[in-house]
Amino acid sequence: MNCPPRSGKSGPAFALAALLLSAVAAFLFGGTRAAFAEATAAKGSRTTVVVSPELSVSIADGDEVVLSARPLPGEGVDSFVQRVTESAKAKREIFAQSAGTRLLRKDAFVSVPYRLLSENYRKIAMEALFPEDRADARGWNHRVTGLAGKPESLWRIAEWFTGDGANYRDIRIAGEIRSLQTEKGQTVRIPAALLSPAFRGEVEAAAAAPPPPLEFRKDEKGRYAVYRLQRGEALYSAVVVRFTGRLHAEDVNAKAAEIAERSGILDVHAIPVGFPVKIPVDDLAAEFRPRDDPARVAEEKSRLEVAQFVNRVRAADLSGVTFVLDAGHGGRDTGALVEGVEEARYVYDLACRVERLLARNTRARVVMTVRPDAPCVGRNAPPGDFRTAKVMTTPPYPLEDATTGVNFRWYLANSVLKNVEKHGGSEEKTVFVSIHTDSLHPAVRGAMVYIPGEKFLRGSFGKSGEIYAARREVREAPQVSFSRKERVRAEGVSRDLAEKIVATFRNAGLPLHEFAPVRRNVIRGGREWVPAILRYNRIPARVLLEVCNLNNPEDRKLLVTRSYREKVARSLVAALVEFYGGEGKDMLSASAKEDRPQS
Ligand SMILES: [Zn+2]
C-alpha cells in the first residue's frame, strides 16, 4: 500500500433486571455514540453483562447461563435465531418457548439457554461473563467467580467448556483438584483435549503466540509498562512495532527515540539483554494495556460483538462464488517503489496467478478490477505490462490518478455486488481481495491483512463531478453508508477470511508479520483509519492483503522470484477454499512440489 492518510469504556452499574438493563443499554448506545461499553448488574443472584445493544449474557441461580439477544437492525428474526443457534431443532424450541408472538417484533429480546447456543455463541457467552479466563498452551483456565451467588461447580464448568458435565472427573484428575467444592478465586484448568472446539481453538492460538510478560508501574511521568529485552531483540521491532502497533519508519523511529529517552537508554543499538524498557501505557496497543484499562475493555467488548459473525456458507469447489480481485496499482500509479522494484508490477502479476489458479482448480467467477491492454502472461514468464492498466468500470478508467483509481475500484466492487445475482451469485458468496506490497520500517517483514474495523465505517460518502458521473457504476449507487449490522458483520466475516489467509500462509512457510498479521485499521502519523478501498466497499468479506514489505531487503528479494509469487497465489486460493469449507491443502502441496528455485 502506498496511499496518503485519510480520513472508541466501561459504564456505570445499574441495579436492574436483565431486560430492563438491555433497554437502558439500547438507549445509551443509540444514535451516533460509540456503540460499545459495558454495564453489569447484579440483583439477587443474577448477573447480566451487556455486550452490545443487541446482546447480553446472564447467569442466575444454579449457574443457569442465558443469552438475551435481538436481531441487528436490518436482520430478519429467522436468520437471527439461526445465527445464534445454528440448529433447526434449537430454533423450533426457541420459537415454541417464546409463543411466537414476541418473535414477530424485531426489537424484542429472545432468551436462549446456553445448551441451545452454537459453539461460537457459547464462547462469546463465557468470555462476556468471565473476562479473567485465559487460554494457555495447556488448556483453558477458568477463574471461579461465584457470579450467581456461590462458586460455580466443577460439573457446571465441565458442562460449559466441554459440553458434558460428566467430564468434571477428568478435569479434577488432570488438575489434581482435591475438593469437589470450588472456591472463589480458584483457577480450574480444563485440559485442551477435553475442550469444545471453540475453546480449544484459543488454546492452540495461545500455544502459537504466548502473551509477552509486561509489568505495570507508575512514576511521576505517569503509568508505564516494563518489558525486558530478550537476546537478539531490538528496540524497533521487539518493542515499538510489537507493543505500539506502529509500522512506518518515521513513526517507529520517533517512538523508539521517545521510549529510549524515557527508559534511560543512551545507545539504542547497544541495549543489554534484560534491560527494563519503559513503554508509556498511552502508547500501548489496547490489547497490551492493563486488564481494567478503558481502551482494552472497549476492545475486548468489540471483539466479542464482532465474533458473532463468521462465514457459514459452504462451497468447497467455490461454485457460485464471485471473487473480486484487485491488483492495487497500475497505469501511472506504480505504488511503492524501492530499489527499482515497483509494487504495481508485482501485484498485477500476483493477481494474474490467482486468476489462473482459480480458473484451473475451482468454479469461482473472477472479476478483475484492473486490466492492462495485454492479457496475463504465463506462470513462467516475467511479469507482464501494467502501464496500460485501466479500472474496468463502464467506460474503463485509465489509471492516471491513484486516488481517483481507488474510488473507481470500490465503485466497481459495489456494482459487482449489486448485480451479483444476475450472474448466479449471492452476497454471502462474494469476496473482495485487494493485493498490495507495503513500504514500512525495514525491520518489519512478512504479510499482513487489513480488515474493515467496524468503528471506522460510520457516515456517508460519495463522489460527484463529471468524471464520476460518466461511469455507470457510480450512477448506480453514488452514495455509500452502512447500517450497524453491516458494519459489525463486515468486520466479523472479513476477520474470518483474514485468519484463513494467515493460516494458509503460515502452513506454506511464507513470511508473516511477526506480531499482529491481521489489523482492522492503519496507524500512521498519530491517526487511525481504514484504507478507502475497504472503507467504502459494500462486499461484506473484504480484505487488503499486504503481501510483504518492500523496504525489507529479504522480502524484496523474495517478491521478485516467480516461485515465491506462485506460492503466495496458491496460498491465497487455498485460503478462499478453506473460507468456504473446503480443503485448501491440495493447493498448497502442489505449491511445495514446484518450489524449486527459479528466475
Ligand atoms: Zn499499495
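Which residue lies over the face of phenylalanine 408? Arginine 471 does, at 5.0 Å from the ring centre. The views below start there.

This is a predicted model, in which local features need pLDDT of at least 70 and side-chain atom pairs count only at pLDDT 80 or more, while totals for chains, interfaces and linings use all residues. Residues are numbered from 1 along each chain as its sequence is written, and side-chain values use heavy atoms, with hydrogens and water left out.

**View 1. A charge over a ring, and a cluster of rings.** Arginine 471 sits over phenylalanine 408. A charge counts as over a ring if NZ of Lys or CZ of Arg is within 6 Å of the ring centre and within 35 degrees of the ring normal. Phe408 also belongs to a cluster linked by ring pairs. Its members are Tyr397, Phe408, Trp410, Tyr411, Phe461, Tyr468 and Tyr536. Rings of Phe, Tyr and Trp (its six-membered ring) pair if their centres lie within 6.5 Å; planes under 30 degrees apart count as stacked, over 60 as edge-to-face and the rest as tilted.

View 2. The whole structure holds 15 aromatic pairs. In one of them, the ring centres of tryptophan 140 and phenylalanine 199 are 5.1 Å apart and the planes stand at 75°, so the pair is edge-to-face. Tryptophan 140 is in strand 7 and phenylalanine 199 in helix 7, 59 residues apart, so the pair links distant parts of the chain. Helices (H or I, at least four residues) and strands (E, at least two) are DSSP runs, numbered from the N terminus. Both residues are buried. Buried means under 20% relative accessible area, exposed over 50%, partly exposed in between (1.4 Å probe, protein chains only).

View 3. Three strands form an open sheet in the order 6-7-8, with antiparallel pairing. Strand 6 (134–136) and strand 8 (187–191) are the edge strands, each pairing on one side only. Neighbouring strands are turned by 25° against each other on average, direction ignored. Strand 6 and strand 7 (residues 139–143) pair over 3 bridges; two strands pair if DSSP finds at least two bridges between them. Arginine 134 has asparagine 141 in strand 7 as its bridge partner. Helix 7 (residues 197–208) lies across strand 6 and strand 7, at about 55° to strand 6. Axes are lines fitted to C-alpha atoms, for helices over the stretch in contact, and angles run from 0 to 180 degrees between N-to-C directions.

View 4. The structure contains 1 disulfide, a pair of cysteine sulfur atoms within 2.5 Å. Cysteine 352 and cysteine 376 form it, with sulfur atoms 2.0 Å apart. The angle about the S-S bond is -75°, and the link is left-handed. Cysteine 352 is in helix 11 (residues 343–361). Cysteine 376 is in the loop between strand 16 (370–371) and strand 17 (390–391). Cysteine 352 is buried because its relative accessibility is 5%. Cysteine 376, at 25%, counts as partly exposed.

View 5. Serine 415 is part of helix 12 (residues 402–418). Its relative accessibility is 6%, so serine 415 counts as buried. Beyond neighbours within four places in sequence, serine 415 is in contact (heavy atoms within 4.5 Å) with Arg472, Glu473 and Glu476. Serine 415 and glutamate 476 are 61 residues apart in sequence, yet 7.3 Å apart in space, C-alpha to C-alpha.
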